[in-house]
Structures are given as structure tokens and as C-alpha cells.
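This report goes through one protein chain, from its overall make-up to single residues. Keep the sequence and the structure in view while reading.

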Amino acid sequence: MKGDLFSSEHMVRPAVEPGMSVENSKCIKYAVNGEMLARQGAMIAYRGGLQFERKGQGVGGMLKRAVTGEGLPLMTVRGQGEAWFAHEAQNCFVVEIEPGDQFTVNGRNVLCFDASLAYEIKTVKGSGIAGGGLFNSVFSGHGRLGLVCEGTPLVIPVSPQYPVYVDTDAVVGWTARLETSLHRSQSIGSMLRGGSGEAVQLMLQGEGYVVVRPSEATPQKAQQH
């Protein structure tokens, strides 16, 4: 069989070690040797002796992201083999979390992660019930976290001298040691988000990074995740 489709650009590469890697910009490959976790429905292909099990729908089995109780159901993948994960052809990225690190992330952006990572659901400090009810998942430990993002994300440095203000619908996540609070900018509300009058942003202060996607979740999109 010949043709561009069968070129090396599209052919999967052999795994060189167990664990997570970016297969291409829209897909993450996981060479499973034991156990890992992923969002339900994200597996697009696999080979080898793998078993997929829905994780319980209690707090530990769901990455909660809204005060309404919506969440991201998880599944456990066990065995030996390779699995590929993707979500709506969104861009894929891998975050390396080391001991002592913490990464706060919106559940809708989680694709898969190492079983060695711990996660807990926390209310974003200072957000109250505004900004979509900001419940995010805080990952810690040692391992890799696979993320998806609509478009190419922006990674913005935050410093004590230069806090960053982000749209609550556009924020993907941020690093540890950043303080969060809601910021109201009534005077420029008519200029934000295409003139919608939205005047509340999430303010991040301290030393670290915030990740923002170049789009916002529409009500229809938000219900699908």
C-alpha cells in the first residue's frame, strides 16, 4: 500500500519506554505496563492485553469542574499494551509533575494521567460561586499528566510585580504557589469578551505560570464535557 497516508508522518512510532508520550499534536499514546487513568470515552485505539474499567462515580472517580455537580468521569486502564487517547481533535500536551509540584487544572482539559499522581478536588480560592463555580483538580506527586486544549495554549508567566487576569472560561490551569481571587473590572466590562459586558476575571498573583486556551467554552460545549 502506497500514498501519503502511509508515510512516516502518519505511522505510529514504537514505544521506547512505558508511559505517556505525544503521538502527534492531536493524540497521546500510553504504553501501559500496570495501570493508568483516562477520561471515559477518550480511548480511540489500543493493542495488547488491556482492560478498561469505569472508575466509581464518587468524588474520587470524577474530576469535578462546576458547582452544578458536572464532572469528568474517569476510567482505569490495566495490563500490558499500548493505548491511544484523544478528544474532539483538540491539541494534546504532556505536563511533567515532580515531587513538591502542584498543578491546578480544569477537569475538561484532562485527558489521561499516571496512576502515581494524586489528585483532589478543590474550590478555587476567592471564586465563591461566581465564574462558573470554579472547582478544579489539583494534581501532585510524581508522574505525567496529559492535557487537551482547544487551539494552541498560552503560557503566561506570573510574578509579584505583574499579576495576570484571565477569563474564567478560558483558563486551563496554573502552577502551585499562585494566589487566586476574583477581579471585577466594571469600567472596561463593555470591551471584554466581544462586548458582552462580562466584567469578572480570575486574578492570579505570586510566582508561577498560568495556562490559557485561545477560546471560551460556549454553553453547548460546556454541557458536552
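The sections below describe the chain as a whole, then its cores, cysteines, salt bridges and two further sites.

## Overall make-up

The model is predicted. Of the 225 residues in the chain, 44% are buried. The accessible surface of the chain comes to about 11,700 Å², and 54% of that is supplied by carbon and sulfur atoms.

Contacts can also be sorted by how far apart the partners are in sequence. Taking the contacts between residues at least 6 apart in sequence, 77% join residues at least 24 apart.

## Nonpolar cores

The largest nonpolar core consists of 17 residues. Those with the most contacts inside this core are Leu63, Phe103, Val105, Val110, Phe113, Phe139 and Leu145. Several strands contribute: E5 (71-85), E7 (102-105), E8 (110-114), E9 and E11 (143-149) each supply at least two residues. Strand E11 gives the largest share of the core, with three residues. Another core lies apart from this one and has 16 residues, including Ala83, Phe85, Cys92 and Val148.

Leaving aside residues up to four places away in sequence, Leu145 touches Met20, Phe93, Val94, Val95, Ile97 and Phe103, among others. Its contacts also include Val105, Val110, Cys112, Phe113, Leu117 and Phe139.

## Cysteines

How many disulfides does a search of the whole structure find? The search finds zero. Cys92 is in no disulfide, and the nearest cysteine sulfur, that of Cys27, is 6.4 Å away. A pair counts as a disulfide if the two sulfur atoms are within 2.5 Å. A disulfide is a covalent bond between the sulfur atoms of two cysteines.

Is Cys92 buried or exposed? Cys92 has a relative accessible area of 5%, so it is buried. Cys149 is also buried, because its relative accessibility is 3%. The cut-off used here for a buried residue is under 20% relative accessible area.

## Salt bridges

The structure has seven salt bridges. In one of them, Glu23 pairs with Lys29, and the closest N and O atoms are 3.4 Å apart. Glu23 has a relative accessible area of 9%, so this residue is buried. Lys29 is buried as well, because its relative accessible area is 4%. A second bridge joins the side chains of Arg47 and Glu82, with an N to O distance of 2.6 Å. This pair links distant parts of the chain: Arg47 is in strand E3 (residues 43-54) and Glu82 in strand E5, 35 residues apart. Arg47 is partly exposed because its relative accessibility is 43%, whereas Glu82, with a relative accessible area of 11%, is buried. Glu23, Lys29, Arg47 and Glu82 are linked in a network of salt bridges.

Arg144 and Glu96 form a further salt bridge, at 2.8 Å from N to O. Here too the pair links distant parts of the chain, with Arg144 in strand E11 and Glu96 in strand E6 (residues 91-97), 48 residues apart. Arg144 has 24% relative accessibility and so counts as partly exposed. Glu96, at 48% relative accessibility, also counts as partly exposed.

## A surface patch

Which residues form a nonpolar patch on the surface? They are Met1, Leu5, Phe6 and Met11, which together have about 500 Å² of accessible area. Phe6 belongs to the segment before strand E1 (19-24). Phe6 counts as partly exposed because its relative accessibility is 40%.

## A loop residue

Where is Val124 found? Val124 sits in the loop between strand E9 (117-123) and strand E10 (135-141). Although this residue is in a loop, Val124 is buried, because its relative accessible area is 5%.

Sequence distance and distance in space can be set side by side for this residue. Val124 and Glu179 are 55 residues apart in sequence, and their C-alpha atoms are 9.4 Å apart in space.

Definitions and conventions:
Residues are numbered from 1 along each chain as its sequence is written. This is a predicted model: local features need pLDDT of at least 70, side-chain atom pairs count only at pLDDT 80 or more; totals for chains, interfaces and linings use all residues. Side-chain values use heavy atoms; hydrogens and water are left out. Helices (H or I, at least four residues) and strands (E, at least two) are DSSP runs, numbered from the N terminus. Buried means under 20% relative accessible area, exposed over 50%, partly exposed in between (1.4 Å probe, protein chains only). A nonpolar core is a set of buried Ala, Val, Leu, Ile, Met, Phe, Trp, Tyr and Cys residues joined through side-chain atoms within 4.5 Å. Contact means heavy atoms within 4.5 Å. Patches are made of residues with over 30% relative accessible area and no salt bridge: like charges are joined within 9 Å, nonpolar side chains (Val, Leu, Ile, Met, Phe, Trp, Tyr) within 5 Å. Accessible areas come from the Shrake-Rupley method with a 1.4 Å probe; for residues, only the protein chains shown count as cover. A salt bridge is a side-chain nitrogen of Lys or Arg within 4 Å of a carboxyl oxygen of Asp or Glu.
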